[in-house]
Amino acid sequence: MPASWLAAINAALPYIDSIAKIALPAFGQRKSSREANEDTHRQLAELQTAVTHNAEHVRELAVQLQAALSALEQAAAEAAAAQRRLRLLLNVVGALALLAVVLAVYAAWR
């Protein structure tokens, strides 16, 4: 059992130095309150800038969406008008077909 622990320790030793260099600064001194305030103000300024940019992008997207919706409404109106024309044409063709059938039956009986 001790041999396995010894092997594990020997395998980890080369990495302890790099781990210590990375981990120890995280446990170092805390920032002073002035530095913390400066960081907070800087972060707030960055967030305000990001919010402003996001609002501009949302406004642009809203304008594009409005244009797309108006184009869709126009296309829907055109499609409805085309459908009305086709329905009228279909009714005329149906009436002519019915007239043709009536004339064919009349001609067959005569």
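1. Asp39 and Arg42 sit 3 residues apart in helix 2, about one turn of the helix. Their side chains meet in a salt bridge, at 3.8 Å from N to O. The model is predicted. Within that model, the pair counts as a salt bridge because its N to O distance falls within the 4 Å cut-off.

2. The side chains of Arg42 and Glu46 form a salt bridge at 3.1 Å, N to O. Again both residues belong to helix 2, here 4 residues apart, about one turn of the helix. Shared partners join Asp39, Arg42 and Glu46 into one network of salt bridges. The count for the model comes to 2 salt bridges.

3. How exposed is Arg42? Arg42 is partly exposed, at a relative accessible area of 41%. Glu46 is partly exposed as well, with a relative accessible area of 46%. Side chains of opposite charge can pair when their charged atoms come close.

4. Helix 2 covers residues 33-109, and Leu103 lies in it. Leu103 is also one of the residues of a nonpolar surface patch.

5. On the overall fold: the protein has 2 helices and 0 strands. Of its 110 residues, 1% are buried. A residue counts as buried because its relative accessible area is under 20%.

6. Now the surface as a whole. The accessible surface of the protein is about 10,200 Å². Carbon and sulfur atoms account for 68% of that surface.

How values were computed: Residues numbered from 1 in each chain as written. Predicted model: local features only at pLDDT ≥ 70, side-chain atom pairs only at ≥ 80, totals over all residues. Heavy atoms only, no water. Patch = residues over 30% accessible without salt bridge, like charges linked within 9 Å, V, L, I, M, F, W, Y side chains within 5 Å. Areas by Shrake-Rupley, 256 points an atom, 1.4 Å probe, with all protein chains shown as cover. Buried < 20%, exposed > 50% of the residue type's maximum accessible area, 1.4 Å probe, protein only.
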